[in-house]
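Please examine the sequence and the structure shown here. The briefing that follows is arranged by topic.

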Amino acid sequence: MAEFVSLPLALAAEQFAKLPGVGIKTAQRLAYFMLNLPEEEVTEFAENIVKARKSVRLCRCCQNFTEREICEICSDEERRKDQICVVESPKDVSAFERAGGYEGLYHVLHGLLSPMDGVTAEDIRIKELLSRLGDVKEVIMATNPTVEGEATAMYISRLIKPMGITVTRLAYGLPAGSTLEFADDVTRVKALENRSALLRKPRSYTNSPSKCRQKTDLGLKK
Ligand SMILES: [Zn+2]
């Protein structure tokens, strides 16, 4: 920031540089851009960010961002209450809602399990999910098809299946290693339609004697 003559301008650029994906050059460009805007527009910009930060909280049920105690989706009487789609972040809820076609509820984990980065089950909203499964018949694991997404889906599935709830996983309509946010709507809808059960028994064991089934079931209900 040494080339900045004005200290306030340098400080503004430093704030932009804190945003994800914004490098120092882009931050400087944004700071100069702001200088050229009318003062009232800059004030409105800053005030809206502060307002969003202050008024938005997590929905008591699904943990998505909302201004209410219980979000619009959770309080919508038209939606199915026995189906929960588990996603990594609020962006994923928006992506599914944009695509349409899903009438159940959501649960936002706010992260994925990642032991390498020190993210454990305590750090994401798993216990909040377990506490709202009373009348739920199906949990759709819609975490991204990445290593962390798969590990999280598997972990949660193992916790839920003993409760007698069907756990399904999005089909691989989505490119491996990418994220839901950047998939097109058709791919997202297809992936949701073609979801499949997690921890399915290997095909060769399907008609085997019960002792083989016990081995492959890992003690979990189908
Ligand atoms: Zn909600």
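Helix α3 (residues 39-55) has 17 residues, which at 1.5 Å a residue should span 24 Å; its end C-alpha atoms are 24 Å apart, in agreement. The expected span is 1.5 Å times one less than the number of residues. Helices (H or I, at least four residues) and strands (E, at least two) are DSSP runs, numbered from the N terminus.

This is a predicted model: local features need pLDDT of at least 70, side-chain atom pairs count only at pLDDT 80 or more, and totals for chains, interfaces and linings use all residues. Residues are numbered from 1 along each chain as its sequence is written.

**Burial**
- A residue is buried if 20 or more other C-beta atoms, placed from the backbone, lie within 10 Å of its own, exposed if 12 or fewer, and partly exposed in between.
- Of the 222 residues in the protein, 26% are buried.

**Strands β3 and β4**
- Strand β3 (residues 83-87) runs parallel to β4, joined by four bridges; strands pair if DSSP finds at least two bridges between them.
- C85 stands opposite Y106 in β4.
- From strand β4 (residues 105-108), L105 and H107 point one way, Y106 and V108 point the other way, and all are buried.
- In a regular strand, side chains alternate between the two faces of the sheet.

**Helices α4 and α7**
- A95, F96, R98 and A99 in α4 meet D185, R188 and V189 in α7; residues are in contact if their C-beta atoms, placed from the backbone, lie within 7 Å.

Conventions
Contact = placed C-beta atoms within 7 Å.
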